[in-house]
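Good morning, everyone, and thank you for coming. Please take a moment to look at the structure on the screen before I walk you through it.

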Amino acid sequence: MPRSILIIDDDPGVLGVLSKYFQRKGWEVSSAASGEDGVRVYEAQRPDVCVLDLDLPGLSGRDILDILVARGAAVVMLTGHAEVEVAVDAMQSGAETFLTKPVNFAHLEAAVERAAEKVELRRTNELLARSMAERTEAGGLGASPMMRDLARQVDLLSGSGETTALLLGESGTGKSFIAQMIHARSPRARGPFVEINCAGLQATFLDSELFGHERGAFTDAKEMKRGLFEVADRGTLFLDEIGDLAPELQPKLLKVLETRSFRRLGGTRELQVDVRLVAATNRDLEAEVRAGRFREDLFYRLAVFPLTVPPLRERSREDVLELAHRFLREIGQRHRNSPTDLSPKALEVLAGYAWPGNVRELKNVLERALVLATGAERIEPEHLPPGLKASGAPRASRDEPSIVTLEEVERRHIERTLFLLGGNRTAAADKLGISRSTLHTKIQQYGLEAVGRG
């Protein structure tokens with residue numbers, strides 16, 4: 001489906017030239033010669049991007065900008081006067097960028113493309129928030145006590161909306177899914193959820209992606225670019241593989257976490273953002289700190305609320321089968337004439353395998369099986385990879401997991417609840433389902449008087 005653009009300008013020559021240019025580029029183009037007509041066209045067609053001239057008869061372009069932004073439009077401003085104060089005012093009021101006439105077509109196209117990508121991201125996040133809310137209402141992590149406890153911790157963490165979280169676990173264990181769950185259950189659910197993987201990215205490129213850059217910051221910086229911290233404003237930014245973050249970027253990330261402000265690459269102005277950060281890693285960050293590869297102060301700032309996501313081999317058979325059925329429903333929507341069920345023998349194979357690739361491997365195996373089982377009533381063992389059925393690939397045996405007393409479980413649960421509620425004992429007692437006097441007794445019993453205060 002082609003992207004759509006609305007061009008609002010009172011100059012017929014500009015309207016004609018820009019309309020033809022974007023039509024040649026494959027866009028669906030609408031136009032309007034006044035701000036009032038532009039608003040009517042926007043309401044009727046809801047285009048992806050609006051290109052708006054500042055100098056319009058009747059209502060000014062500045063007034064129209066406020067109207068369009070309030071209705072959710074992504075707006076690129078044009079003007080014949082290169083006034084810095086006007087440009088700054090327009091940007092602060094919600095314009096995506098501000099270009100002067102005569103406009104460079106390549107620069108305008110790049111700005112419009114970025115605005116369209118932001119719109120698509122916002123729409124995707126709205127769908128994600130709705131679908132994630134549906135998928136996570138009943139927990140969505142597993143049936144075993146270990147996974148139910150993890151779901152309870154996720155629920156507590158989500159409720160705060162502000163606390164920085166650090167997800168720990170092997171590659172492929174579903175840390176991204178849990179980050180999305182934290183966002184979808186939080187007060188920030190209507191804001192954007194933005195994800196980036198820090199592994200394998202050049203420091204300068206990652207700096208530009210996270211914090212944006214000003215025009216001329218480096219050779220290819222033809223226009224100003226907003227970074228993901230700006231895109232994620234009022235939402236959640238998920239930094240996967242944070243252990244691979246370049247050393248030169250670690251102080252900059254620490255500053256954002258501590259002050260909620262940063263500068264774009266090549267910029268001098270401090271920008272304020274309201275972003276909740278969730279980070280994830282498959283590395284031992286404490287070992288990285290000891291080795292001098294990761295800043296200790298950044299580690300402690302990230303690990304306000306650490307959550308360990310267990311590998312699939314440590315989860316119960318019921319957890320594995322619940323995941324398998326969930327993936328089957330999700331993936332099956334993309335495959336016509338595919339089965340919607342697994343045979344008992346196929347279930348036994350899935351439950352007995354070690355899953356060294358964790359949740360990611362399970363999902364890939366099921367997608368392959370759905371393709372191979374097209375037209376069949378259900379997935380059978382022959383639709384699964386031979387390695388899963390080989391005698392040399394049994395489910396990993398493991399030592400008895402570390403067991404803590406019920407008293408310790410209770411102490412940890414009360415401590416986390418108090419922390420997330422800022423030490424508010426009345427609210428904590430309500431959340432825990434106990435009286436305030438009972439909570440007071442337990443706080444004294446466990447030495448938690450200072451939690452959440454100060």
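Predicted model: local features only at pLDDT ≥ 70, side-chain atom pairs only at ≥ 80, totals over all residues.

**The sheet and some salt bridges**

Let me start with the open sheet, in which 5 strands follow the order β7-β8-β11-β6-β12 with parallel pairing. Its edge strands are β7 (193-197) and β12 (305-308), each of which pairs on one side only. Strands here are DSSP runs of E with at least two residues, helices are runs of H or I with at least four, both numbered from the N terminus, and two strands pair if DSSP finds at least two bridges between them.

Within this sheet, β8 (residues 236-240) and β11 (residues 276-281) run parallel and are joined by 4 bridges, and L237 has L277 as its bridge partner in β11.

Residues are numbered from 1 along each chain as its sequence is written, and side-chain values use heavy atoms, with hydrogens and water left out.

Turning to salt bridges (a side-chain nitrogen of Lys or Arg within 4 Å of a carboxyl oxygen of Asp or Glu), the structure holds 31. One of them joins R188 and E162, at 3.1 Å from N to O, and this pair links distant parts of the chain, 26 residues apart. Is R188 buried or exposed? R188 counts as buried at 5% relative accessibility, whereas E162 is partly exposed at 41%; buried means under 20% relative accessible area, exposed over 50%, and partly exposed in between, with a 1.4 Å probe and protein chains only. Both residues also belong to a salt-bridge network with R260 and D274.
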